[in-house]
Amino acid sequence: QAVDLQFYFPVAVGGKAAETIQGLTDEYAAQNPDVTIDAVYAGSYQDTVAKAITASRGGNPPQLSVILSVDMFTLIDEDLIVPFDDYLTTDEDKKWVDGFYPAFMENSQTGGKTYGIPFQRSTPVLYWNKEAFEAAGLDPEVAPATWDEMVEFGKKLTKKDASGNVTQWGVRIPSSGFPYWLFQGLAIENGAILANAEGNKTNFDDPKVVEALQFLVDLSTEYEIMAPGIVEWGATPKAFFEGQTAMMWTSTGNLTNVRDNAPFKFGVAMLPEKVQRGAPTGGGNFYLFKGASDEQNKAAVKFVQWITAPEQSAKWTIATGYVAPRPETWETETMKAYAADFAPALVARDQLEFAKAELSTYQNQRVTGIFNDALAAVITGKKDAATALKEAQAEADKILAEYR
Amino acid sequence: MSGLATNLDRFLNVFAAWALALIWVLPLAYAVWTAFHPAAYEARFELFAPLTLENFVKAWDAAPFARYFLNTFILVTMILAGQFILCTLAAYAFARFAFPGRNILFALVLLQLLVMPDILMVENYQTMRLLHLVDTIPAIALPYVASGFGIFLLRQTFMTVPKELDEAARIEGASFLTVLWKVYIPLAKPTYLAYGLVSVSHHWNNFLWPLIVTNSVETRPVTVGLSVFSAIDSGVEWSVINAATLMTSGPLLLAFLLFQRQFVQSFMRAGIK
Amino acid sequence: MTGDLPPRTGKPIQLESVTRRWGETTAVDGLSIHIPEGSFTALLGPSGCGKSTTLRMIAGLENVSEGRVLIGGEDVTGRPSSKRDLSMVFQSYALFPHLSVAENIIFGLKVRRVGRADRDARLARVAGLLGLSTLLERKPGQLSGGQQQRVALGRAIIGEKPICLMDEPLSNLDAKLRHEMRVEIRALQQQLGFTMVYVTHDQVEAITMADQVVLLNEGRLEQAAAPRELYEKPASPFAARFVGTPPMNLFPARAFGRLANAAEHQLGIRPEAMHLQDGGPVTASVRALEYLGADILADCVVGGTAFQVRLPTTKPVVPGQSIDLGFESGALHVFDGQTGRRRDDLVSEYGAQLRS
Amino acid sequence: MTGDLPPRTGKPIQLESVTRRWGETTAVDGLSIHIPEGSFTALLGPSGCGKSTTLRMIAGLENVSEGRVLIGGEDVTGRPSSKRDLSMVFQSYALFPHLSVAENIIFGLKVRRVGRADRDARLARVAGLLGLSTLLERKPGQLSGGQQQRVALGRAIIGEKPICLMDEPLSNLDAKLRHEMRVEIRALQQQLGFTMVYVTHDQVEAITMADQVVLLNEGRLEQAAAPRELYEKPASPFAARFVGTPPMNLFPARAFGRLANAAEHQLGIRPEAMHLQDGGPVTASVRALEYLGADILADCVVGGTAFQVRLPTTKPVVPGQSIDLGFESGALHVFDGQTGRRRDDLVSEYGAQLRS
Amino acid sequence: MRGLVFRREWITGWLLLLPALVFLFAFTHIPAVTTILNSFFSTPRGRRQAKFIGLDNYERMIGDPVFWKVLWNNLWFALGTIPVSVALAIVMALWVNEKLLGRSFVRMAYFTPTVLPLIAVANIWLFFYTPGFGLFDQITGFLFGWPATNYLGDPDTALNAIIVVTVWKEAGFFMIFYLAALQSIPVNLKEAAQIEGAGRWTIFRRITFPLLMPTTLFVCVNAVINSFRLVDHIFILTDGGPDNASALLLFYIYEVAFRFWETAYGATLTVALLILLSLLAISQFFFFDRKVHYK
Ligand SMILES: Nc1ncnc2c1ncn2[C@@H]1O[C@H](COP(=O)(O)OP(=O)(O)OP(=O)(O)O)[C@@H](O)[C@H]1O
Ligand SMILES: Nc1ncnc2c1ncn2[C@@H]1O[C@H](COP(=O)(O)OP(=O)(O)OP(=O)(O)O)[C@@H](O)[C@H]1O
Ligand SMILES: [Mg+2]
Ligand SMILES: [Mg+2]
């Protein structure tokens with residue numbers, strides 16, 4: 001008798017992803033006649049959480065779902081998920097857990113338990129327009145390695161027309177929707193950690209954070225190398241293609257898009273450093289949902305192990321541009337060939353060494369919401385960095401107090 | 001003299017109407033532009049930019065759209081039929097019958113206009129599960145079949161139907177349902193058309209509730225397929241999104257082009273002094 | 001016109017002190033009338049006197065504020081129109097704008113699921129009768145006023161109901177067509193035997209068609225009588241002046257020199273009842289003349305009271321002329337000065353005095 | 001009624017072979033008429049003959065398919081109604097349902113920004129004239145049919161425009177009110193001197209009020225003449241039968257024994273032009289009698305042709321009786337058998353032969 | 001006797017309403033009551049059950065600066081969208097109801113907002129608003145040489161940018177109902193007014209507009225409600241930012257309920273929204289319904 005599994009997955013990088021997941025599950029089902037997997041496309045990350053929670057409350061939870069890694073605390077708080085540990089009993093299993101990049105696991109474990117298995121994970125990187133660099137008299141093969149270099153390059157790259165209107169900005173760090181993510185890159189580079197591993201304490205008012213935020217604002221106001229105000233995330237690649245900006249910070253999830261559409265030669269680099277290199281991770285993990293039978297859970301874990309195994313993971317990475325979460329994947333022939341053909345793909349992997357957990361706490365969306373608002377207020381010049389962050393910290397404290 | 005003034009007046013009107021129309025059609029025009037050109041021309045409007053159908057191919061391949069179209073078609077038909085029947089009956093009651101509690105009940109209907117269905121998603125999901133309807137097309141449809149909007153709209157229309165016509169039909173021995181069927185509904189035809197188009201458009205484009213209450217290809221509407229393109233992690237790819245939008249809205253545009261003439265019917269209200 | 005149905009006989013209608021009020025307006029005020037089955041009753045009265053309202057109450061379209069309506073002996077006061085089995089021509093026509101002429105006419109037949117063949121046959125007959133045969137496919141909006149009115153008429157007569165109510169059904173037709181229609185309607189009514197209640201402002205219509213004329217005034221019954229009686233024995237000065245064109249001449253009795261000492265009664269003589277008669281009892285001076293085609297209407301004055309006489313064109317008179325007029329003794333009407341009621345007992349007395 | 005404005009004189013109206021078609025229907029067909037300024041012209045004709053359409057074309061509400069419309073000498077064919085400076089009573093009233101009676105009546109004054117005081121004064125006068133004074137606050141839906149019609153009338157006359165078009169403005173009024181209104185309208189028209197085009201199906205109205213009667217038939221002009229001429233010298237059998245109630249009797253000349261060899265002409269005599277005359281030229285048998293109040297209408301037959309005679313009630317006849325009838329020689333009309341045109345040249349000849 | 005008849009009419013009325021009411025109750029009113037009840041409880045989270053906390057949620061709402069901010073935003077939004085979109089809707093309907101050159105095209109143009117899904121359209125507007133290469137900047141840059149403008153990224157313009165999109169959407173939507181309603185105005189009333197010398201504007205003001213009142217009432221009630229309900233495009237265009245400058249009440253409710261999963265507080269905000277809308281819309285209806293001329 002076959003075990004039925006229902007598996008929700010979001011898509012955040014376009015049509016190919018859905019197809020690939022569907023293909024992979026079909027392949028698995030074909031190989032394992034004792035399991036039927038119903039892979040259900042569940043919209044964006046937001047939609048997926050909504051669907052999962054609604055279904056769970058309606059008494060009809062899925063057995064497995066890919067959801068943002070940062071929602072781990074929320075899901076625990078809602079009592080919707082169970083840790084993987086109960087089903088990872090053998091040594092082999094434990095080794096398997098340790099086989100993921102530690103940066104990704106930071107958002108997947110808490111209280112000594114593993115709640116999430118990294119799957120469609122990403123990290124932000126810096127893209128640069130080699131032709132623009134050349135035109136500005138810079139070495140087209142060298143990306144800025146530090147904040148200062150970024151500013152320096154940026155000044156050279158910022159072009160104005162006769163009437164003083166900027167036609168090309170130096171850099172573009174989008175700040176719409178979820179500004180905390182890219183900002184976190186700056187913060188980490190400045191040596192700050194935004195939240196603790198227990199997810200019940202934030203450090204928004206850390207002077208290093210304030211300093212990082214001030215730098216972000218200065219990019220527009222003082223150095224005038226970035227467009228002022230909130231910079232739209234969705235339009236950023238297009239702005240890059242259109243020559244509106246010579247450098248941009250955005251997710252590795254854009255790699256395929258940029259490769260296909262940039263009408264010029266471009267480079268990909270790690271984010272520049274201040275006191276250290278650094279970047280947040282991002283993206284989604286597998287979660288096991290409550291309410292399933294033991295058999296279902298076991299089958300689900302087996303499926304997760306299969307789909308994150310090197311061969312499958314390689315396919316997935318190549319199709320979507322997500323960073324393969326296990327080093328061993330990069331050792332496969334397929335990945336090697338891919339990397340040889342498209343070197344930029346390796347940058348994200350290499351950056352993982354310096355990457356830190358994405359901001360994640362209990363009541364995560366609310367806390368990051370507060371933080372986002374503070375960032376927006378500072379970026380748009382409505383508040384100064386120190387006050388805004390102090391207020392945000394106070395609010396976050398109020399919310400998180402009950403989880404300590 | 002006056003002829004000139006009239007002509008100027010007419011000219012200004014036509015001019016303004018067209019100016020507004022051009023602004024209004026801009027998003028659609030942009031969608032068409034991007035959908036038929038390679039992505040590089042998303043923000044560059046050159047007359048001789050190369051044309052391509054690739055965006056449509058890409059969009060069509062991203063999801064089982066054929067099936068989704070069928071589902072959507074079944075869905076909107078179901079909703080529309082339900083709405084027409086339920087709203088017509090209720091609106092008729094409100095417009096032409098006096099009964100105790102009428103105002104309170106009407107207030108309850110108006111209340112439905114205020115309540116956002118999405119807010120009630122969790123409760124409605126539970127109801128659907130109780131009814132064993134999760135992952136079926138009726139589950140998407142049911143919460144919408146009794147529409148406060150429709151009842152309100154039809155009530156307003158029915159109220160303007162001349163009472164004499166109602167009376168004449170009743171004299172001829174027509175029961176109240178016959179009167180409804182033979183007098184009110186035909187006279188409200190433009191309103192039904194308007195409501196039909198609006199309702200179909202709305203449910204054709206509804207997304208969140210269908211996404212949540214259905215799981216399988218056999219039940220999901222086109223919007224679910226469409227949503228694949230509103231990806232967050234990568235930037236907005238206007239050419240593909242717009243191709244997909246045009247593809248999914250195509251039938252609606254077509255339906256509108258077919259029906260729009262019906263909006264203007266000039267027979268109304270002759271035959272009564 | 002009966003089709004395959006057996007001819008149905010009409011039903012009597014009885015109004016028992018029926019009243020209809022809107023706020024302060026009383027449109028119909030304690031009206032009691034009896035309309036015998038199979039009779040043709042005309043409702044007559046000045047504009048706004050409550051004719052349509054009465055009809056609508058019989059039809060069940062208007063709530064009755066007080067009183068009862070009986071049809072065929074049954075109290076139908078609260079019964080909906082659709083259950084009263086009658087047909088009606090609305091003063092405003094009330095044609096269905098979305099239906100063609102044919103569909104408008106057969107509306108009721110369709111409602112009652114009369115068979116197609118029967119329906120078509122009846123439609124053809126009615127349309128022929130009303131001169132609508134070539135217009136059957138048109139919508140009401142594409143018809144002239146008179147054509148619309150005929151459609152309304154067609155809709156009412158095709159059903160062959162036991163009761164038929166008509167509210168000024170011929171008002172927009174030309175004289176010729178009107179005459180034809182009158183004859184047809186009357187023939188139909190007599191042939192099928194239905195009860196007809198017919199509102200009209202045209203006295204010729206009322207008088208030539210009706211078995212009974214009900215005269216209303218400000219919502220109250222003025223007189224209900226056979227047409228000839230109404231014309232010959234009006235019950236009140238109002239009835240006397242309302243019926244007959246030009247209206248009956250009313251004189252205060254004292255206007256005549258010979259009656260200088262009479263009581264405060266009113267004397268009435270119809271313009272057509274007077275004729276030139278040398279040495280006749282009434283000597284009047286002509287003021288103005290109105291040409292009517294076959295006759296001349298002369299405005300005259302006697303004892304300070306203006307009145308009219310219809311004279312043949314053959315004997316010309318001129319304004320300013322003094323003429324002597326005579327009348328048959330039966331043509332004199334006397335009304336009580338106080339109550340306004342008819343005083344037939346005084347007629348011969350006054351007649352004699354005048355002639356003396 | 002003129003208020004503070006100086007009385008304006010009317011404007012002449014000229015239709016030049018005006019045609020109006022809807023698809024296959026031709027409502028008005030090459031109509032040319034001249035309506036002199038300040039005149040009162042009545043449009044007469046059977047139902048559906050194009051009266052309203054003609055009026056609406058003058059008003060600019062209907063497109064002219066062919067031909068020209070001139071008002072005051074200017075070609076206004078393409079000019080919108082609002083620029084034609086005229087007023088109109090619609091056959092369907094077209095009252096604004098959301099406005100009170102008062103607002104309906106003064107609508108045009110408000111549009112033209114007539115001062116408040118003037119407006120109120122005029123309203124009071126018009127309302128008084130039409131008997132609407134107590135109804136000014138009502139909505140049209142709360143009025144009887146005749147009251148609605150009076151409101152429509154009020155709206156048209158209050159403006160004192162140089163041209164006034166009325167489409168059966170009195171059809172829903174009772175005889176008395178109708179008569180009063182006729183007098184008032186005519187007085188107003190003469191006093192203010194505006195040009196009136198008046199559609200009516202009531203011949204008495206047309207004849208008593210109009211300076212000129214335009215008779216239409218199936219969209220074409222049948223005759224345009226002064227009322228008396230129309231009555232006394234109808235140009236065609238159609239005109240002869242259409243004007244006058246009951247219509248003129250038409251006989252094939254050969255119906256009379258004495259004219260057995262005559263050409264195929266038609267002879268016409270009006271029912272009221274015949275009288276009982278022992279040994280008179282026409283011997284007929286009485287078929288039926290219709291009581292009309294002042295007269296009796298006798299259906300008779302001669303030589304296989306049915307006809308009617310109006311007889312006084314004073315000399316009773318009974319059905320079946322044979323009567324001798326006579327007529328004045330001027331009362332005979334002769335129409336050409338082929339063209340239908342009037343043949344006055346033959347009247348004395350036929351008259352003599354009949355009497356011989 | 002008469003009582004019996006009245007009762008028959010009552011029963012007919014109720015029976016006609018029954019099917020609709022069953023659905024309304026099942027899928028709106030009963031869940032809505034649950035929502036109201038939820039607002040008196042704490043949000044249940046995992047192992048912690050919901051507990052009755054009385055008016056605590058309401059107190060929290062009163063003290064929540066974001067709530068007040070979005071409320072003000074919403075009022076401003078309502079003021080900015082309702083009059084403009086209703087007025088435009090009428091004008092558009094009048095235009096396409098006339099004999100106008102290329103009427104079919106114009107009508108279709110006005111109809112596009114209804115046909116295109118708001119989410120997709122929001123992406124298009126996103127492009128229009130994009131600084132630099134966006135359509136508006138291209139146009140203003142080309143015509144007037146203006147510098148790039150960050151319409152969506154500036155708290156001072158973000159809400160207005162949203163208002164523009166909403167007006168675009170709403171006017172086209174309401175136009176359809178006006179167009180339908182225009183069909184039921186008898187032509188002869190317009191003719192009568194014309195005869196009286198009334199020009200277009202007077203005819204509109206004194207005849208057409210009053211006779212459109214039933215539809216205007218409908219449209220206005222819906223416009224008020226929509227000004228609190230239309231938030232789909234905000235998710236794409238600004239996501240409520242910057243710093244809640246373009247967040248509306250319902251957007252905030254979505255955030256609280258479906259992002260923060262604070263269902264109880266979300267319910268509280270919903271109750272506030274319902275009360276506000278009832279006051280604005282339902283009372284508006286009952287107040288004006290008596291004044292509208294229907295027939
Ligand atoms: N919209 C239309 N489409 C087609 N035919 C029409 C239309 N309007 C009027 N007609 C026809 O044109 C002819 C003339 O109509 P019109 O209204 O002028 O008649 P009328 O003389 O006023 O008649 P009545 O005395 O009955 O009012 C009629 O036969 C009518 O059926
Ligand atoms: N809805 C109403 N509200 C108030 N008064 C009304 C209403 N309907 C009719 N009336 C009044 O009731 C009276 C009688 O109206 P009704 O229609 O019965 O008159 P009518 O005799 O048919 O007159 P007409 O010959 O003019 O048609 C009129 O004075 C009218 O103004
Ligand atoms: Mg009446
Ligand atoms: Mg007419």
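This is a predicted model: local features need pLDDT of at least 70, side-chain atom pairs count only at pLDDT 80 or more; totals for chains, interfaces and linings use all residues.
Residues are numbered from 1 along each chain as written, while chains are lettered from A and ligands numbered from 1 in the order of writing. Local features need pLDDT of at least 70 and side-chain atom pairs pLDDT 80 or more, whereas totals for chains, interfaces and linings use all residues, and side-chain values rest on heavy atoms, without hydrogens and water.

**Exercise 1.** Find which protein donors the magnesium ion (ligand 4) has, and state whether D:S52 is buried or exposed.

*Solution.* Start with the donors (N, O and S atoms within 2.8 Å of the metal, or 3.2 Å for Na, K and Ca; water is not among the atoms, so sites may look incomplete). They are D:S52 through OG and D:Q91 through OE1, lying 1.8 to 2.2 Å from the ion. Next, apply the cut-offs for relative accessible area, with a 1.4 Å probe and protein chains only: buried is under 20%, exposed over 50%, and partly exposed in between. D:S52, at 18%, is buried, and D:Q91, at 13%, is buried as well.

**Exercise 2.** Determine which chains surround ligand 1, and which atoms of C:S144 and D:G48 lie by its oxygen atoms.

*Solution.* First, count a residue as near if one of its heavy atoms lies within 4 Å; residues from chains C and D surround ligand 1, so the site is shared between chains.

Key:
A polar contact is a pair of N or O atoms within 3.5 Å; within protein, one must be able to donate a hydrogen and the other to accept it, and residues adjacent in sequence count only if both atoms are side-chain atoms.
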